[in-house]
Amino acid sequence: MMNTRSIRFRLTVWYAALLAGLLALFGITLYFGLADYLERSLKNSLEKQAQQVAVTYLADIGQTGEDYVIEEIKEHYAPEINSRFVRVTRGDNSVLYASGIPEDKSFDPTDLPAPTIGDDKPQTREVHLPQDKGELLLYTMPFTANDGNRFVVETGAPFDAIESVLRGLLLTFAFGLPVMIALSIGGGYFVMRSALEPVDALTRSAERITSRNLGERLPVVETGDELERLSIALNSMVARLDTAFTHIRRFSADASHELRTPLTVLRGELEELAQQPNLHEESRERIGSALEETERLSKIVESLLVISRLDAGEARMERKRFDLAELTGATVEQMRLLAEDKDILLACEADGGVEVEGDSARLKQVIVNLLDNAIKYTAPGGRVEVKVARNGDSAMLEVKDSGVGIPGEALPHIFERFYRVDKARSRAVGGTGLGLAIVKSICAAHGGEVTVESQEGRGSVFRVKLPVAA
Ligand code: ADP
């Protein structure tokens, strides 16, 4: 399917149309110019011939006699062989000499009417012979011999000689023009494609740039024209974005860091206040709830700090080999109490030997967050299963629950910061809306990914895929 709005198509069409127009103009000019030239040169040669006949032979006819003149004309001009017409008529309209049908039969002058010369001037005209016997360009010249006798000399040539040349030219054009245009369209399309190739390359590399690799730059096409300017402009835009992103990341990292200390102080103060012996019951309750909120705030700030440090690339990541199955088994055991409290059956299937490379503390955080969610969003009596397995070059961690599930429209968003399907519920179970965002950031930092599958009311499966250690 051809894209008719593309630059390539439009340029090719324009340029083919232009070429066609120019070629047509050239053809028309050539045709008429050639027609004019051929006609004039035929006329010239007819005139010359008539004059030669008159001056060379007719002038002295009084001395040489008529038979001599006839013989000379036949011998010198051989009109029948050369497809020419020659006729000499005496003053009394009787014919002295007239050539016959030429050998190539291009015309038949037998019925040509006698010359009509009104005034005594030579003239050229086109004659259509009756009964389709051809067309002649005819030159008629009155002449007076030295002895005073008057003659009319006529020379003629078939017109279709010119016509056949012109027809040949037309044919050449009729066949040549489409071929030339087709060739130029093909060539133009090809040239255009290679000319636009750098744009394609630019587009492809621009598509690769995301907020994660803003440090990368597009290849600069060194063409010294609009394309080079475009690639430079795009690059400086990426650079500006990079700076802006860095600022934002720094800001969130700094902000969460700065919030930590006053929060710790606040918590300390509140705790101390709660210890006071002579406290009113109502005040104690209020301080308790203020403490709870401070707790929550601390959790959010801690999580934000983790994410923004991961984002800013400043989180110091350990790179060590360890067994993901072992880590998972241990973590599950640590969280078993939490599940039992809620009367949830926690099963773990993790046979050793799934070695990965990375920061085990952070990957433990991934397991904790996923397990925590699974327990949080599963009603008592439910089931949570954890599985670790090796799948080719990947280590797979799977956390499956029989909980509330996630509605389809929410699925694409649950890894976003602060996104919660049900704010009130998340708050009630102590969620911050940052747990999965952290999971995603940590997985990405390890060259892995996390995916989810869920059915509302049936449960969810979270799968983490990490490259196994080499
Ligand atoms: P939160 O702190 O609210 O749990 P998360 O980032 O961990 O934040 O999760 C985001 C949202 O995704 C949650 O609010 C919840 O609605 C949904 N969610 C996460 N895990 C599960 C799960 N196992 N079952 C059902 N919903 C889940």
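## Ground rules

On a 1 Å grid over the protein atoms alone, a cavity is a set of points where a 1.4 Å probe fits but cannot get out, while a pocket is an open set with protein on both sides within 12 Å along at least five of seven lines; lining residues have an atom within 4 Å of a point. Grid points are joined across faces, edges and corners, and a volume is the space filled by probe spheres set on the points.

This is a predicted model, where local features need pLDDT of at least 70 and side-chain atom pairs count only at pLDDT 80 or more, though totals for chains, interfaces and linings use all residues. Residues are numbered from 1 along each chain as its sequence is written, and side-chain values use heavy atoms, with hydrogens and water left out.

## The one cavity

Searching the whole structure turns up one cavity of 30 Å³ or more. The largest cavity comes out at about 30 Å³, and its lining is V356, E357, L363, H446, L466 and P467. Sorted by class, that makes four nonpolar, one polar and one charged (Ala, Val, Leu, Ile, Met, Phe, Trp, Tyr, Cys and Pro count as nonpolar, Asp, Glu, Lys and Arg as charged, and the others, Gly among them, as polar).

β8 (355-358) and β12 each put at least two residues into the lining of this cavity. Helices (H or I, at least four residues) and strands (E, at least two) are DSSP runs, numbered from the N terminus.

## The largest pocket

Now for the open space. The largest pocket holds about 620 Å³, and 34 residues line it, with N373, K376, Y377, G435 and L436 nearest its centre. Its lining splits into 13 nonpolar, 13 polar and eight charged residues.

Which elements build this lining? At least two residues each come from α6 (281-311), α8, α9 (423-428), α10 and β12. The largest share is that of α8, with seven residues.

## The ligand in its place

The ligand takes up the space of the largest pocket (a molecule sits in a cavity or pocket if more than half of its atoms lie within 2 Å of its grid points). Two or more residues of the shell around the ligand come from each of α8 (360-376), α10 (435-445) and β12 (459-467). Here too α8 gives the largest share, this time three residues. The ligand has 21 residues around it, and N373, D401, S426, T432 and L436 come nearest; a residue counts as near if one of its heavy atoms lies within 4 Å. By class, the shell has 10 nonpolar, eight polar and three charged residues.

As for polar contacts (pairs of N or O atoms within 3.5 Å; within protein, one must be able to donate a hydrogen and the other to accept it, and residues adjacent in sequence count only if both atoms are side-chain atoms), D401 has a polar side-chain atom 2.8 Å from a ligand nitrogen. On its own the ligand has 530 Å² of accessible area, and the protein covers 99% of that (Shrake-Rupley method, 1.4 Å probe; for residues, only the protein chains shown count as cover).
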